[in-house]
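Please look at the sequence and the 3D structure shown here. The report after them goes through selected parts of the chain.

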Amino acid sequence: MKPRPFVDQHARDLAPGRALDLACGTGANAVWLADRGWHVTAVDWNADSLAELRAAAPQVETHLANLEAHEFEIGERQWDLIVVSHYLQRDLFPKIVRGLKPAGRAILIVHMFEPGHETSRFSVHPGELKQFFEGATILSYEEGNSSGRATARIVVQPGIH
């Protein structure tokens, strides 16, 4: 399986450790990370998607959980890498940063509002994604077309306090 290009770009040279893939779907990012030696935990609300992921990569630990209902605890300082691809839940952002080990990274890709489309709670306005990570170290930030749709893409590390 191929990961999202932004995930590949920002994770391919990282030393494997513990990775968390939130709202993983069928797990392209999780499988790719596991194939590279990462110990991966993948979380999604869809049992069929998780079954497909387990068939492709039985070494990936999977959790069936509704993130909006807070059925999965990210924990603090547990993860070397947290990936969120094409899922937006604003109240997860502080938990994601707290969940990273001091040198850990979070890679997030979220949809952006597009002219002519209705407002969606699953899309961000230009520049909005960065605002959720004030106090964290932003290693990369991009906005533009990705996979045929406007997205915001960010890589963050915990801030130094």
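The sections below cover the model, the strands, the helices, the cores and some single residues.

## About the model

This is a predicted model, in which local features need pLDDT of at least 70 and side-chain atom pairs count only at pLDDT 80 or more, while totals for chains, interfaces and linings use all residues. Residues are numbered from 1 along each chain as its sequence is written, and side-chain values use heavy atoms, with hydrogens and water left out.

Helices (H or I, at least four residues) and strands (E, at least two) are DSSP runs, numbered from the N terminus.

## Strand pairing

Two strands pair if DSSP finds at least two bridges between them. S4 and S5 are parallel partners, with 6 bridges, and Leu-81 is placed opposite Arg-105 in S5. Between S4 and S5 the chain passes through H4, and this β-α-β crossover is right-handed. The term right-handed applies if, with the strands pointing away from the viewer, the path from the first strand over the helix to the second runs clockwise.

S5 also pairs with S8, in the antiparallel sense and over 6 bridges. Here Ala-106 has Val-156 in S8 as its bridge partner. S5 and strand S6 (residues 123–124) run parallel and are joined by 2 bridges; Met-112 has Val-124 in S6 as its bridge partner.

## Helix H2

Buried means under 20% relative accessible area, exposed means over 50%, and partly exposed lies in between (1.4 Å probe, protein chains only). H2 is largely enclosed by the rest of the structure because 6 of its 8 residues are buried. Those buried residues are Asn-29, Ala-30, Val-31, Trp-32, Leu-33 and Ala-34.

The cover over the buried residues of H2 includes helix H1 (5–11), S1, S2, H3 and S4. Just after H2, Gly-37 has a positive phi of about 95°.

## Helix H3

Which residues of helix H3 (residues 47–56) are buried? They are Ser-49, Leu-50 and Leu-53. They lie on the same side of H3, because they cover an arc of only 95° around the axis; the arc is that of the directions from the helix axis to the C-beta atoms. Asp-48 and Ala-55, on the other side of H3, are exposed.

Helix H2 (28–35), strand S2 (39–44) and S3 are included in what covers the buried residues of H3. At the start of H3, a side-chain oxygen of Asn-46 comes within 2.9 Å of the backbone nitrogen of Asp-48.

## Nonpolar cores

A nonpolar core is a set of buried Ala, Val, Leu, Ile, Met, Phe, Trp, Tyr and Cys residues joined through side-chain atoms within 4.5 Å. The largest one has 29 residues, and Leu-22, Ile-74, Ile-82, Ile-96 and Phe-133 have the most contacts inside it. At least two residues of this core come from each of strand S1 (18–22), S4, helix H4 (93–99), strand S5 (100–112) and strand S8 (149–157). S5 gives the largest share of this core, 5 residues. Another core lies apart from it and has 22 residues, including Ala-11, Cys-24, Val-40 and Leu-50.

Contact means heavy atoms within 4.5 Å. Not counting residues up to four places away in sequence, Ile-96 touches Leu-22, Ile-74, Ile-82, Val-84, Ala-106 and Leu-108.

Phe-72 is in the loop between strand S3 (61–64) and strand S4 (79–85). Is Phe-72 buried or exposed? Phe-72 has a relative accessible area of 15%, so it is buried. Residues up to four places away in sequence aside, Phe-72 touches Leu-20, Leu-22, Thr-41, Val-43, His-63, Ala-65 and Leu-67. Phe-72 and Leu-22 are 50 residues apart along the chain, and their C-alpha atoms are separated by 9.5 Å.

His-111 is in strand S5 and counts as buried because its relative accessibility is 18%. The side chains of His-111 and His-86 make a polar contact (3.3 Å). A polar contact is a pair of N or O atoms within 3.5 Å; within protein, one must be able to donate a hydrogen and the other to accept it, and residues adjacent in sequence count only if both atoms are side-chain atoms. Asp-13, in the loop between H1 and S1, is exposed, with a relative accessible area of 73%.
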